[in-house]
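Let's take a friendly walk through this structure, strand by strand and ring by ring. Keep the viewer open as you read.

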Amino acid sequence: MFGKRSSMISPAAVPASAPPTTAPQTSASAASAPAVERNRPSEPDNAPAKSQDYYVTKGKIFASLIDIIDMGQFSKLDPASAREEIRDTLHEIISVKNYPLSIADQEDLLDDICNDVLGLGPLEPLIARDDIADIMVNGAEKTYIEVNGKIQLTNIRFRDNQQLLNICQRIVSQVGRRVDESSPICDARLLDGSRVNVIAPPLAIDGPALTIRKFRKDKLTLDQLVKFGAISPPGAEILKIIGRVRCNVLISGGTGSGKTTLLNCLTNYIDGDERIITCEDAAELQLQQSHVVRLETRPPNLEGTGAILMRDLIKNCLRMRPERIIVGEVRGPEAFDLLQAMNTGHDGSMGTLHANSPREALSRMESMITMGGYGLPARTIREMISGSVDVIVQASRLRDGSRRITHVTEILGMEGEVITTQDLIVYDIISEDAQGKLKGQHRSTGVGKPRFNERARYYGEEARLAAALDALDGL
């Protein structure tokens with residue numbers, strides 16, 4: 001059989017005393033996938049744990065499988081053929097050694113081992129679920145997920161911390177990065193674009209900590225955000241116009257508030273003939289346009305050299321004839337370069353940053369530029385911000401787990417030493433129901449003609465903007 005070291009398996013080929021791979025009695029693995037998928041999205045993962053004997057047997061069979069399969073040939077197989085190869089080999093091993101496994105246990109064992117060899121081990125059933133937003137692994141013993149904005153403990157376990165570290169290394173190696181004792185922190189991504197962060201021992205005391213920010217297979221749109229209540233229909237219309245008329249936009253929010261999702265939604269309204277360049281630490285934006293160049297930073301090598309920072313990417317992309325520059329997240333001195341780009345003919349550029357309000361976002365931008373050591377007066381920095389950024393969109397995750405766009409704020413200019421702003425849309429929390437869900441509404445602040453009205457007129461969107469503002473006033 002293709003991929004095996006020998007075509008036949010003899011009893012001698014299967015070591016009778018293969019070292020068992022033990023796990024705590026509460027362990028569960030990827031074999032729980034069917035039970036996981038049967039759960040309703042709002043319920044925790046409570047699939048029954050396998051017995052200790054199951055894991056001991058699995059360890060023996062897995063060791064025999066690795067001895068028998070020729071990994072050099074095996075790696076050339078497509079996933080379906082590789083699974084069939086593993087299935088045939090497992091059946092031969094079980095038959096020769098006469099392991100007392102039921103048909104159901106054999107299928108579970110097949111899923112387990114295929115996930116270990118071909119995928120991400122016990123994480124595979126969680127990766128397959130579309131309702132999970134985040135997967136948080138705190139060492140081999142504890143795995144949490146976020147569903148509907150709430151964090152839940154699962155019964156997913158790893159064999160040991162080494163198995164978890166091996167999976168982390170497999171993930172980061174796909175994008176040419178590494179994680180080990182000499183480089184214990186790494187940002188990477190899965191093939192589907194999901195964001196991955198790994199921090200390994202000795203920095204992580206209780207074993208490797210793996211965090212996966214998943215992205216939906218079906219890309220969210222502003223119309224879908226309206227259905228979820230994240231923004232009102234007139235508010236969504238205003239955001240579409242903001243994206244269409246090339247306003248420079250900052251999307252502000254806390255961790256997990258939906259900044260990247262909102263950025264993806266806004267980029268849907270960029271014209272298809274515009275040249276877009278994205279700069280990210282880990283490429284996760286999913287733009288639908290055809291003319292997109294994606295750039296990604298690079299960490300230092302083993303000698304501590306060769307790092308490519310976000311500033312380097314933004315400076316370089318200015319030489320690539322961009323029409324719009326999209327920065328996945330502004331964290332430091334690159335804020336200065338982004339503002340320079342916004343103010344030098346690259347209208348419609350966008351970026352995200354961490355802040356809890358539009359006013360705080362302005363302060364964060366000023367602080368990040370100051371951290372770059374430019375030595376500019378505070379007034380000069382504020383004038384640069386007010387002259388570059390047109391709109392700040394604030395995203396928030398409320399205490400009931402829901403995500404809302406709480407402010408759409410435009411920047412007007414300077415009054416003395418202060419940047420002046422005005423809110424176009426704000427979100428007010430009105431009440432809380434018996435289930436703890438917050439109820440609120442988006443409302444207009446009464447602004448009849450935003451500052452970007454002239455820009456809307458230039459792009460032929462003035463009437464549409466006026467209609468959206470009127471509809472917002474009527475709510």
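Predicted model: local features only at pLDDT ≥ 70, side-chain atom pairs only at ≥ 80, totals over all residues.

## Strands, helices and rings

Strand S2 (residues 142-147) pairs with S3 in the antiparallel sense, over four bridges. Strands here are DSSP runs of E with at least two residues, helices are runs of H or I with at least four, and both are numbered from the N terminus. Two strands count as paired if DSSP finds at least two bridges between them.

Residues are numbered from 1 along each chain as its sequence is written, and side-chain values use heavy atoms, leaving out hydrogens and water.

**The antiparallel sheet.** S2 and S3 belong to an open sheet of six strands, with antiparallel pairing and the order S3-S2-S1-S6-S5-S4. Its edge strands, each pairing on one side only, are strand S3 (150-153) and strand S4 (185-189). On average, neighbouring strands of this sheet are turned by 15° against each other, direction ignored; the axes behind this angle are lines fitted to C-alpha atoms, for helices over the stretch in contact, and angles run from 0 to 180 degrees between N-to-C directions.

Where does Thr-154 lie? Thr-154 sits in the loop between S3 and helix H7 (161-173). With a relative accessible area of 3%, Thr-154 is buried. Buried means under 20% relative accessible area, exposed means over 50%, and partly exposed is in between (1.4 Å probe, protein chains only). The C-alpha atoms of Thr-154 and Lys-142 are separated by 7.5 Å, although the two residues are twelve apart along the chain.

**The parallel strands.** Strands of a sheet pair through backbone hydrogen bonds, either parallel or antiparallel.

| Strand pair | Sense | Bridges |
|---|---|---|
| S8 (residues 276-280) and S10 | parallel | four bridges |
| S10 and S11 (residues 350-354) | parallel | two bridges |
| S7 and S11 | parallel | five bridges |
| S7 and S12 (residues 391-397) | parallel | five bridges |

Some bridge partners can be named. Cys-279 has Val-327 as its partner in S10, and Ile-326 has Met-350 as its partner in S11. The chain crosses from S10 through H12 to S11, and this β-α-β crossover is right-handed, meaning that, with the strands pointing away from the viewer, the path from the first strand over the helix to the second runs clockwise. Met-350 in S11 is also the bridge partner of Val-249, while Leu-250 stands opposite Ile-392 in S12.

In a regular strand the side chains alternate between the two faces of the sheet. Strand S7 (residues 249-253) has five of its five residues buried, so S7 is largely enclosed by the rest of the structure. Val-249, Ile-251 and Gly-253 cover one side of the story, with Leu-250 and Ser-252 on the other, and all are buried. Both faces of strand S10 (residues 324-327) are covered as well: Arg-324 and Ile-326 are buried on one side, Ile-325 and Val-327 on the other.

**A helix to check.** Helix H4 (residues 79-97) has 19 residues that should span 27 Å at 1.5 Å a residue, and its end C-alpha atoms are 27 Å apart, which agrees. The expected span is 1.5 Å times one less than the number of residues. Buried residues in H4 include Ala-82, Glu-85, Ile-86 and Arg-87. After H4 comes Asn-98, with a positive phi near 60°.

**Aromatic pairs.** How many aromatic pairs does a search of the whole structure find? There are two. Rings of Phe, Tyr and Trp (its six-membered ring) pair if their centres lie within 6.5 Å; planes under 30 degrees apart count as stacked, over 60 as edge-to-face and the rest as tilted. Phe-336 and Tyr-374 are stacked, because their ring centres are 4.2 Å apart and their planes are at 25°. Phe-336 lies in helix H12 (residues 334-342) and Tyr-374 in the loop between helix H13 (358-371) and helix H14 (378-388), so the pair ties together parts that are 38 residues apart in sequence. Phe-336 counts as buried at 14% relative accessibility, and Tyr-374 as partly exposed at 26%. The rings of Tyr-458 and Tyr-459 have centres 5.1 Å apart and planes at 85°, so this pair is edge-to-face.
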